[in-house]
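Here is a short briefing to read alongside the model.

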Amino acid sequence: MKNWKKVLAVVLVAALAVAFAACSGGNKAAAVKTGLAVTGTIEDVKDTTLTIDVVAAAVTVDADGKIVDIKIDEAQTKPDLAKASADYGVDLRTKYEKQGDYAMKDTSASIPGGIGKEWFEQADAFMNWAKGKTAADVRAAVNAEGKTDDAELKAGCTITIAAIAETVAKAVDNAADLGATSADKLALNIKTEKYYESNETNLQYDSNVAAVTTDADGKITSCLIDAAQGKCAMADGKFTVEAGTITSKKDLKEDYNMKAVSAQMGVIPNGGEWFEQAAAYENWAKGKTAADIKAAVDGEGKAGDAELKAGCTISISSIAETVAAAAQA
C-alpha cells in the first residue's frame with residue numbers, strides 16, 4: 001500500500017511539473033517580425049508654395065502575417081517662399097504631433113458622412129482597425145476614391161487613406177525577424193529638418209524615420225531606420241520642381257550612390273551604401289537604451305563608438321535623435 005502511495009505521489013508531482021511547464025510556455029511572449037515603410041510625394045506645386053508629404057508606418061507582425069501592433073504618422077511640410085524671413089513659415093511637427101493644431105475637426109464634421117474628428121483621432125481609429133489584418137486586408141480596404149467603404153473603419157476614419165494603407169501594407173511586406181516579441185513596445189518617430197545646405201537653387205527638407213521595439217527594461221530589441229529627402233529645385237525665387245514621388249534612401253539602395261565616396265574615407269572596406277550603413281546601425285542599436293544611442297554620437301555628429309564606426313561612417317546625429325526619441329516614447 002505504501003508503495004502505491006509513493007508511485008501515486010511521483011505521478012502527481014510529474015503531472016504538476018508538466019502542467020506548470022505548459023502554463024509557463026503559454027505565457028511566453030511570441031516572436032514577431034518588425035517592419036518599416038516610408039513613402040513620399042511633392043505635390044500642389046505653385047510658384048512660391050508646395051507640399052512635401054512623407055508617410056511612415058511601423059508594424060510588428062505575427063507568424064501568419066497579421067499585424068500585432070502598428071504606428072503611423074505623416075510629415076507634411078509646406079514651405080512658402082514669400083515667408084523666407086520666417087524660415088518659410090514651416091511647422092516641422094508631424095500631423096500626429098500637431099494633435100488639435102492640425103485643425104481638421106470642423107472640416108471633418110461638415111462633409112457628408114463626416115465624423116468631426118482630428119487627424120490623430122482618425123489615425124488612432126485606423127491603427128486599431130488594422131490590428132489583426134494582413135497586408136492584403138489593408139490594401140483591400142481602400143476604395144476607388146482613396147478612402148474606405150469598410151463599415152468598421154469608416155466609423156472612425158473618413159480621411160483619404162490610400163497612401164497610408166499602401167505604406168502600412170508595404171511595412172508588413174518588409175517585416176523581418178529582428179529579435180522583437182509581442183511583449184515589446186513599438187514606437188515610431190519622424191524628425192523633419194531643413195537641409196543645412198539649402199540655397200537659392202534647392203530648398204530641401206529631410207525626414208528621418210525610426211521604428212523601434214523596446215523591452216521592459218527600455219532596451220531596443222529591434223530597430224529600423226530610413227530617411228526621405230524632399231528636394232525642391234528653385235530658380236529666380238520660384239519653385240521649378242515637378243510634382244512626383246519621393247523614394248526613401250533605403251528604397252533607393254545603390255541608386256543613392258554614396259559607395260564611392262564612402263570607399264574614399266578608407267574606413268569601410270570597399271565603401272558602404274546608405275542602406276548598408278543603415279543596416280549596420282540597426283544591428284548595433286539592438287540591446288542599447290536611448291541614453292546609449294545618444295552617447296554614441298561624437299562632436300561632429302558621427303559615430304564615436306568604435307564598433308558602430310566600423311560599419312557606419314555617415315552623419316548620425318539626426319538618426320540618433322530619432323531612434324532615441326522612439327526608444328523612450
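This is a predicted model: local features need pLDDT of at least 70, side-chain atom pairs count only at pLDDT 80 or more; totals for chains, interfaces and linings use all residues.

The expected span of a helix is 1.5 Å times one less than its number of residues.

**Helix 10**
- Helix 10 runs over residues 274-285, and its 12 residues reach 16 Å from first C-alpha to last, close to the 16 Å expected.
- Its buried residues are Trp274, Phe275, Gln277, Ala278, Tyr281, Glu282, Trp284 and Ala285.
- The cover over these buried residues includes strand 7 (220-235), helix 9 (259-265) and helix 13 (317-327).
- After helix 10 comes Gly287, with a positive phi near 90°.

**Largest pocket**
- The largest pocket has a volume of about 690 Å³, and 26 residues line it.
- Nearest its centre lie Tyr195, Gln229, Lys249, Tyr256 and Ser315.
- Helix 10 is among the elements that give two or more residues to this lining, as are strand 5 (185-194) and strand 6 (202-214).
- The lining has 10 nonpolar, 10 polar and six charged residues.

**Second largest pocket**
- This pocket has a volume of about 480 Å³ and a lining of 25 residues, with Asp53, Glu74, Gln76, Lys95 and Thr160 nearest its centre.
- Strand 1 gives the most to the lining, with four residues.
- By class, the lining has nine nonpolar, 10 polar and six charged residues.

**Thr94**
- Thr94 sits in the loop between strand 3 (67-77) and helix 2 (95-98).
- Thr94 counts as buried because its relative accessible area is 1%, and buried means under 20%.
- Beyond its neighbours within four places in sequence, Thr94 contacts Asp73, Glu74, Ala75 and Ile190.

How values were computed: Residues are numbered from 1 along each chain as its sequence is written. Side-chain values use heavy atoms; hydrogens and water are left out. Buried means under 20% relative accessible area, exposed over 50%, partly exposed in between (1.4 Å probe, protein chains only). Contact means heavy atoms within 4.5 Å. On a 1 Å grid over the protein atoms alone, a cavity is a set of points where a 1.4 Å probe fits but cannot get out, and a pocket is an open set with protein on both sides within 12 Å along at least five of seven lines; lining residues have an atom within 4 Å of a point. Grid points are joined across faces, edges and corners, and a volume is the space filled by probe spheres set on the points. Ala, Val, Leu, Ile, Met, Phe, Trp, Tyr, Cys and Pro count as nonpolar, Asp, Glu, Lys and Arg as charged, and the others, Gly among them, as polar.
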